[in-house]
Amino acid sequence: MPLGGLSVWAKYEIGDTRRYVATMGPLATGPEVRGAVADTLTDGIMTKVQAGQLEGELRQFVREAARSFTSTPAFRTAWDTANRAAHDAVLRALRGERDDAVTLDLAPVTQQLRDRLAEDRVPLAHRIPVTHTEITVLEGREVAALRKGFRMLEFAGFWLPIAALALAAGGILLAVRRRRAIIATALGAALGAGLLALATAVVRTLTLADLPPHVSRAAAAAVYDALTSTLRTATWTILALGLTVAATAWLTGRVARHRARSAEPPPAPAREERRARA
């Protein structure tokens, strides 16, 4: 069941470009991503500009303009476009055979930012070169390592959940004590969901700890939380549902046994004693 939940999430949430872009879209309005994008754009632009003694002032202008630009509809459009392009590139790499690195080009965003600076009459804005500033999304070795696991999860995304449900239903139907089988199955589902929730939290910690120094941890955490939101919601729902079903089956069993004992006729000696008293 944990692998089934993970494979469904990988196939229908991460493996679908439309869902991925819809999930990443709201991050464009968050302070973590806006700050990280503004810093990246500023650093990329300033490495191409020689401003002499005005470098400090120009950097401040560029940083403020980049930050202001990230609050505009144009940035949100560019953000969605960049994420769609990056996701398509990653899927092509994972579903293909080549182990080339996957990169994202920030040139369209830089072009829009330069136009914005020129409109605000920032000094030397027109001299900002629009170069292809690429961000590496996946290294070549990471593509090779992820490909097999991604293909397996895509294949399992349909069959594993069906197998889990079929085995659970079959086990309950074939059990001699079905109520006990329902309790065991529900507790097993809750345990599997709990393990998956724990694994998601551990992977989050390891991912953030392994980031390069120049990558914003706040932005990376926001992206990770957004991408795993559906998975975490599903795990907690299954956990709660499993515990509820197990508790309900146990309580109804207790009530049924109590009623059965109450309905039993009293032993023969007790009946004779009542007759004698009468």
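Accessible areas here come from the Shrake-Rupley method with a 1.4 Å probe, and for residues only the protein chains shown count as cover. On that basis, the protein chain exposes about 17,300 Å², with carbon and sulfur atoms supplying 62% of it. This is a predicted model, where local features need pLDDT of at least 70 and side-chain atom pairs count only at pLDDT 80 or more, while totals for chains, interfaces and linings use all residues. Residues are numbered from 1 along each chain as its sequence is written, and side-chain values use heavy atoms, with hydrogens and water left out.

**Overall layout**

- The protein chain has eleven helices and two strands; helices (H or I, at least four residues) and strands (E, at least two) are DSSP runs, numbered from the N terminus.
- Going along the sequence, you'd read the pattern as α-α-α-α-α-β-α-β-α-α-α-α-α.
- Of the 278 residues in the protein chain, 34% are buried. Buried means under 20% relative accessible area, exposed means over 50%, and partly exposed is in between (1.4 Å probe, protein chains only).
- Take the contacts (heavy atoms within 4.5 Å) between residues at least 6 apart in sequence: 78% of them join residues at least 24 apart.

**Salt bridges**

- You'll find three salt bridges in the structure, each being a side-chain nitrogen of Lys or Arg within 4 Å of a carboxyl oxygen of Asp or Glu.
- As background, side chains of opposite charge can pair when their charged atoms come close.
- Arg63 and Asp39 pair up through their side chains, at 2.7 Å from N to O. Arg63 sits in helix α4 (residues 55–69) and Asp39 in helix α3 (residues 31–46), so this bridge ties together parts 24 residues apart in sequence. Arg63 is partly exposed at 25% relative accessibility, and Asp39 is partly exposed too, at 34%.
- Asp43 bridges to Arg59, with the closest N and O atoms 3.1 Å apart. Here again helix α3 (Asp43) is linked to helix α4 (Arg59), with the two residues 16 apart. Asp43 counts as partly exposed at 41% relative accessibility, and Arg59 counts as partly exposed at 33%.
- Asp225 and Arg204 form a salt bridge whose closest N and O atoms are 2.8 Å apart. Asp225 belongs to helix α9 (residues 217–227) and Arg204 to helix α8 (residues 178–209), so the pair ties together parts 21 residues apart in sequence. Both ends are partly exposed: Asp225 has a relative accessible area of 27%, and Arg204 is at 28%.

**Helix α3**

- Buried residues of α3 include Val33, Val37, Leu41, Ile45 and Met46. Arg34 and Thr42 are also among the buried ones.

**Arg147 in helix α7**

- Arg147 is in helix α7, and with a relative accessible area of 8% it is buried.
- Its side chain makes polar contacts, meaning pairs of N or O atoms within 3.5 Å; within protein, one must be able to donate a hydrogen and the other to accept it, and residues adjacent in sequence count only if both atoms are side-chain atoms.
- The side chain of Arg147 reaches the backbone oxygen of Ala93 at 2.8 Å, and a polar atom of that side chain lies 3.5 Å from the backbone oxygen of Leu94.
- Leaving out residues up to four places away in sequence, Arg147 touches Ala93, Leu94, Gly96, Glu97, Arg98 and Asp99.

**A nonpolar surface patch**

- Tyr12, Phe155, Phe158, Trp159 and Ile162 make a nonpolar surface patch of about 570 Å². Patches are made of residues with over 30% relative accessible area and no salt bridge: like charges are joined within 9 Å, nonpolar side chains (Val, Leu, Ile, Met, Phe, Trp, Tyr) within 5 Å.
- Helix α7 (residues 140–174) gives the patch its largest share, four residues.
- Phe155, located in helix α7, is exposed with a relative accessible area of 59%.
- Phe158 also lies in helix α7 and counts as partly exposed at 43% relative accessibility.
- Phe158 and Ser7 are 151 residues apart in sequence, yet 8.0 Å apart in space, C-alpha to C-alpha.
- Phe158 touches Lys11 and Tyr12, not counting residues up to four places away in sequence.
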